[in-house]
Amino acid sequence: MTTVLQGDTALRPEAIPGRTPEMIVLEGLRSAAADLRALGVPVPEPAGKLLRPLVAWALVPPESRPSLDGRFWSGALAVQMVHEASLLHDDILDGAACRRGTPTLAASAGVGPALVMGDHYLTGAYRAAARVDATAYLIYFVEAVERTVAGEIEQGRSTGARLSSERSMEIVTGKSGELFGAAAVLGSTVLPLGNLEERQAFGRALGALYQRVDDLLDYCPAAETGKPPFLDYRQRKWTWVLDLAGVEGFGAPEEEVVQRLFLGRDGRTSAAWRAVARLQEERKALLRRLVALSPGDQVVRGVLDAWIRTAVAGVGAQEDALGAAPGMVAGFAEVDSRRGSTRRVALSAEEEVARLARDVGGPEAWGALFARHARTFRFAARLFPAEPARRVAGLYAYCRFTDDLVDEPDLGRLGVTEEASPEDRTRRLDAWRALTRAAFEGHATDVPLLDEVVATSAREGVSWRYPDALLAGVGTDLSPEPYPDWARLETYTFGVAGAVGGWMCQLLGFRDPVLLSCAHALGHAMQLTNILRDVGEDLAVGRVYLPGVLLDAYGLSAEELDPLRHGPRPLILAYKDAMDELMARADGWYARAWPGIRRLPPWFARPVAVAAEAYRGIHQEVRRNGYDNLLLRAHTSRFRKVVLGAAGLARARA
């Protein structure tokens with residue numbers, strides 16, 4: 001028996017840092033599959049999107065996932081095995097030659113072996129379901145398999161007939177929704193989560209939406225889904241898409257059906273885009289139910305969004321292939337069906353930003369974001385206890401997203417493919433401020449960064465001064481202007497860093513004005529170190545953070561900095577002297593922070609001390625680079641971080 005089934009939480013997939021939900025699910029299924037194979041049961045290698053097991057895992061609250069053991073993964077494997085069996089049988093019925101990029105078993109070995117293997121997977125699935133050792137789950141599972149088969153039979157019986165929308169939905173829910181329903185209840189049968197019937201109903205509706213997207217794509221040959229197009233029509237299977245197209249039966253040529261779908265008549269939006277609008281409305285209804293079942297979940301939300309994007313892309317590709325008048329404009333947006341239009345319209349600023357923020361994910365994603373973008377901070381943050389570490393990661397994720405709205409270095413992973421204009425960035429940031437304020441005042445936004453990070457901050461007594469200052473500080477980068485003196489620059493460094501230090505202190509329960517002042521000082525210090533390290537990178541995007549008073553003191557000017565990037569090496573002495581003064585200014589702020597660090601309890605003082613010393617170590621790296629922060633980006637190696645961190649710990653104890 002494997003580690004997962006033995007219940008060793010330290011080695012379960014959830015306990016391995018850096019795992020994505022997909023990786024966790026795959027690892028859990030593989031472990032359960034190995035145990036079942038040891039009993040002589042043939043089990044398919046877990047492959048594909050694994051949507052049903054993923055939904056089962058996602059509907060378990062994050063705090064309960066570490067409790068999931070082999071019972072859960074056996075149940076998830078049972079659902080996946082039934083799905084794999086159905087695929088083998090479908091391939092036989094459809095005469096399919098290829099699936100997932102490889103020849104089908106029916107095509108390569110013959111119908112007989114494929115049929116027997118499908119049956120074997122199905123019977124093996126019952127063995128897997130029995131290992132859950134939960135009567136409730138076994139009942140839901142057996143009924144789901146029975147209804148899935150019944151749905152397939154009913155669809156076969158109705159071949160060639162035009163079905164009512166109600167009858168069509170019954171068949172879709174049976175053959176595609178029931179396994180999702182069984183997956184949705186799995187967590188509640190092995191853990192005391194409750195809401196079994198609501199979860200089953202949600203899963204069934206989720207599976208029905210999945211099938212309806214697939215039904216639409218069947219009529220989009222340009223979408224290149226990997227399956228033969230028009231398969232449903234050629235097999236005379238009635239789907240909801242034909243109703244929207246106004247098709248009466250199966251006698252019309254395929255080309256005519258496509259034209260009916262994609263060519264709007266009398267100025268009306270095409271049937272295909274009305275289909276997308278309907279799918280979008282179903283998605284919204286499911287999201288409302290999801291909030292009640294699994295608040296803050298981003299995995300199922302992401303699956304839903306991906307399905308809708310697939311439908312939008314498929315319809316758009318087919319529309320382009322036909323040369324039809326476009327039914328949508330460029331850029332991702334919601335489909336607006338309220339006014340009878342399914343053109344892809346511009347989202348409101350708040351809707352757009354909320355969508356982007358949801359794509360950041362919830363607490364399960366924040367640690368990976370922290371590790372990817374803030375290596376020094378992440379190095380130090382490992383010393384926090386679990387709950388403070390989670391809060392710090394959430395605060396970092398909020399700050400990172402806020403900064404990305406202005407600088408956009410990382411929004412590509414969130415679906416932003418075109419660089420926004422300064423006006424669009426301003427609009428986004430203003431919308432984000434409004435959403436942040438709403439969450440701070442206790443209004444639910446359905447955005448984890450807000451509903452968990454900001455709302456929790458408000459409940460913990462964090463002053464609005466801090467998020468307000470952060471948003472204002474980030475906003476100054478939208479229209480950068482020279483900083484004439486230190487005071488003006490340090491207004492900026494307070495907003496983007498000092499305020500974050502104060503926010504962190506209050507979020508973790510510290511409100512002593514002296515401690516807050518020291519936290520502000522550390523923020524000033526670290527941001528000045530950032531400015532020191534990034535002079536060349538900032539120049540490349542037209543930003544100069546070195547104050548005029550510093551440049552004037554050494555006979556330099558902002559206009560002369562860019563030529564220095566391309567001038568001879570070593571750099572002129574005046575520039576090195578200016579950098580020394582900048583480092584001295586930062587060192588002064590570090591010194592002002594240390595009394596506060598020493599007043600913190602050890603669990604808080606240790607990571608802050610390590611971060612302070614490791615970050616200050618960048619000064620030495622700049623000097624080692626000959627002060628060339630115009631072409632070289634100074635960074636501390638992992639070994640240097642360890643040395644500097646140890647020095648910080650010693651200094652905190654002094």
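Of the 654 residues in the protein, buried ones make up 53%. The model is a predicted one, and its fold is built from 29 helices and two strands. Looking at contacts with a separation of 6 or more, 70% of them involve residues 24 or more positions apart.

Now for the rings. The structure holds 21 aromatic pairs. Tyr126 is partly exposed, with a relative accessible area of 32%, whereas Phe141 is buried, at 0%.

Phe384 and Phe604 make another pair: the ring centres are 5.7 Å apart and the planes sit at 45 degrees, so this one counts as tilted. Here the pair links distant parts of the chain, 220 residues apart, with Phe384 in the loop between helix 17 (375–381) and helix 18 (386–407) and Phe604 in helix 28 (residues 602–624). Phe384 is buried, with a relative accessible area of 9%, and Phe604 is buried too, at 1%.

Rings also gather in a group: Tyr219, Phe230, Tyr233, Trp238 and Phe250 form one aromatic cluster. Arg212 lies over the face of Trp240, 4.3 Å from the ring centre, and the charged end of Arg437 sits over the ring of Trp464, at 4.5 Å from its centre.

How values were computed
Residues numbered from 1 in each chain as written. Predicted model: local features only at pLDDT ≥ 70, side-chain atom pairs only at ≥ 80, totals over all residues. Heavy atoms only, no water. Helix = DSSP H or I, 4+ residues; strand = E, 2+ residues; numbered from the N terminus. Buried < 20%, exposed > 50% of the residue type's maximum accessible area, 1.4 Å probe, protein only. Contact = heavy atoms within 4.5 Å. Phe/Tyr/Trp six-rings, centres within 6.5 Å; stacked < 30°, edge-to-face > 60°. Lys NZ or Arg CZ within 6 Å of the ring centre and 35° of its normal.
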